Amino acid sequence: MKAVQYRTVGAAPEVVDIPEPVPGPGQILLKVSAAGVCHSDIAVMSWPAEGFPYELPLTLGHEGVGTVAALGDGAHGFAVGDSVAVYGPWGCGTCVNCADGRENYCLRAADLGINPPGLGSPGAMAEYMIVDDARHLVPIGDLDPVKTVSLTDAGLTPYHAIKRSLPKLVPGATAVVIGTGGLGHVAIQLLRAMTSVRVIALDVSEEKLALARSVGAHDTVISDENAAAEVRELTGGIGAQVVLDFVGAPPTVKTAGASASVDSDVTIVGIGGGTLPVGFGVLPFSTSVSAPYWGTRRELADVIELAHAGAVDVHVETYSIDEAPLAYERLHDGKINGRAVILPNG
């Protein structure tokens with residue numbers, strides 16, 4: 001079968017032929033319908049050889065949707081032909097966090113060598129993939145796999161971040177979304193569906209801000225050194241009660257802190273390497289800064305339900321599996337407006 005693999009540190013991903021996997025006890029084999037392309041993959045492929053965390057070659061793709069092709073011995077809960085989404089942050093299944101469905105915060109995954117698909121384990125960017133346990137699958141029914149696949153990260157991650165801040169996302173409040181690409185444009189839709197707050201979107205180009213407006217942003221601001229001042233002007237000098245940074249680079253993190261109001265939440269979702277100092281007088285009083293990771297199994301089910309209700313519509317560009325290296329190149333160059341999706345069997 002064809003697969004997209006990162007094979008050599010510092011090299012571009014390659015499309016290769018590898019054996020079709022066979023499910024072991026308790027495992028499920030999926031015929032992959034769609035796989036998402038994410039900046040996290042580029043971060044992995046930018047990691048230097050020293051301290052590289054995964055074994056190579058690595059089949060990429062931590063966003064996956066497919067149909068059940070075969071069940072390993074003892075696997076149950078699904079039937080061949082079921083259309084499912086893959087919950088990515090696999091955990092041990094037995095620690096207190098996993099027992100609560102919060103496998104994204106598993107206490108033992110690192111010690112046990114458990115990695116998400118595409119981020120250590122073989123991922124979804126292949127014609128077939130193995131899912132280790134049925135609990136890591138969520139039925140999607142008649143949803144379009146191409147439109148649904150990115151919800152497993154680009155939907156789940158912002159949903160998790162927004163849900164943490166719901167007590168502050170009250171009528172009359174303002175939320176700032178920094179970075180309106182794959183995750184950010186979904187976050188805007190989730191904010192509009194889940195709250196009645198004012199949404200201010202920041203990004204570096206008018207094309208990306210046009211997408212932000214089209215999915216519900218009330219105001220848009222070019223993300224530069226003047227962005228925080230514009231946010232404060234738009235909010236009458238108060239600032240935003242919730243700031244969600246989906247870039248996480250040093251300049252955007254600085255903007256996030258400078259845009260925050262008193263008693264606000266600043267959530268750094270992007271992995272751009274930025275940090276935000278915290279201390280008395282450094283940020284407005286009672287500002288909370290967090291860096292959450294992905295989302296829970298229950299939250300993925302919630303996001304799928306929102307998709308069934310028509311509350312989210314991921315803007316996608318589709319590529320064949322042979323075009324996957326091009327998709328990564330375009331993503332790296334900032335040319336993807338929304339989310340890129342690979343069709344391994346398309």
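The following legends describe an overall view and several close-up views of a predicted model of one protein chain.

Residues are numbered from 1 along each chain as its sequence is written. In this predicted model, local features need pLDDT of at least 70 and side-chain atom pairs count only at pLDDT 80 or more, while totals for chains, interfaces and linings use all residues, and side-chain values use heavy atoms, with hydrogens and water left out.

**Figure 1. Overall view of the protein chain, with eleven helices and 16 strands.** Helices (H or I, at least four residues) and strands (E, at least two) are DSSP runs, numbered from the N terminus. The radius of gyration is 20 Å, close to the 20 Å that the globule rule gives for 346 residues, so the chain is as compact as a globular protein of that length. This radius is taken over C-alpha atoms, and the globule rule is 2.2 Å times the number of residues to the power 0.38. Along its principal axes the C-alpha trace spans about 60 × 40 × 40 Å. Of the 346 residues, 55% count as buried; buried means under 20% relative accessible area, exposed over 50%, and partly exposed in between, with a 1.4 Å probe and protein chains only. The accessible surface comes to about 14200 Å², and carbon and sulfur atoms hold 53% of this area. Accessible areas come from the Shrake-Rupley method with a 1.4 Å probe; for residues, only the protein chains shown count as cover. Among contacts (heavy atoms within 4.5 Å) with a separation of 6 or more, 69% are between residues 24 or more positions apart. The chain has 21 positive and 38 negative charges, and their mean positions are 5 Å apart. Lys and Arg count as positive and Asp and Glu as negative, whereas His and the chain ends are not counted. Each charge is placed at NZ of Lys, CZ of Arg, CG of Asp or CD of Glu.

**Figure 2. Open sheet of three strands in the order β2-β1-β4.** The pairing in this sheet is antiparallel. Two strands pair if DSSP finds at least two bridges between them. The edge strands, β2 (14-17) and β4 (58-59), each pair on one side only. Strand β1 (residues 2-6) is joined to β4 by two bridges, and Y6 stands opposite L58 in β4. P57 lies in the loop between α1 (39-45) and β4. The peptide bond that joins L56 and P57 is cis, with omega about 0 degrees. Most residues other than glycine have a negative phi, and most peptide bonds are trans.

**Figure 3. Strands β12 and β13, which run parallel.** Five bridges join β12 (residues 240-245) to β13. Within this pair, L244 stands opposite T267 in β13. Strand β13 (residues 260-268) is mostly covered, with seven of its nine residues buried. D263 also lies in β13, but this residue is partly exposed, with a relative accessible area of 40%. The phi of D263 is near 55 degrees, a positive value in a residue other than glycine.

**Figure 4. F246 in the loop between β12 and α9 (250-259).** F246 is buried, with a relative accessible area of 13%. Leaving aside neighbours within four places in sequence, F246 is in contact with P158, V177, I178, G179, L183, G184, A187, V269 and G270. The C-alpha atoms of F246 and G181 are separated by 8.4 Å, although the two residues are 65 residues apart along the chain.

**Figure 5. S223 in the loop between β11 (219-222) and α8 (227-234).** S223 has a relative accessible area of 18% and is buried. Apart from neighbours within four places in sequence, the residues in contact with S223 are I178, L202, D203, V204 and T252. I178 is also among the contacts of F246.

**Figure 6. S196 in the loop between α6 (184-194) and β10 (198-203).** S196 counts as partly exposed, at 49% relative accessibility.

**Figure 7. W294 in the loop between β14 (288-290) and α10 (297-308).** W294 is not a glycine, yet it has a positive phi of about 50 degrees. W294 is buried, with a relative accessible area of 4%.
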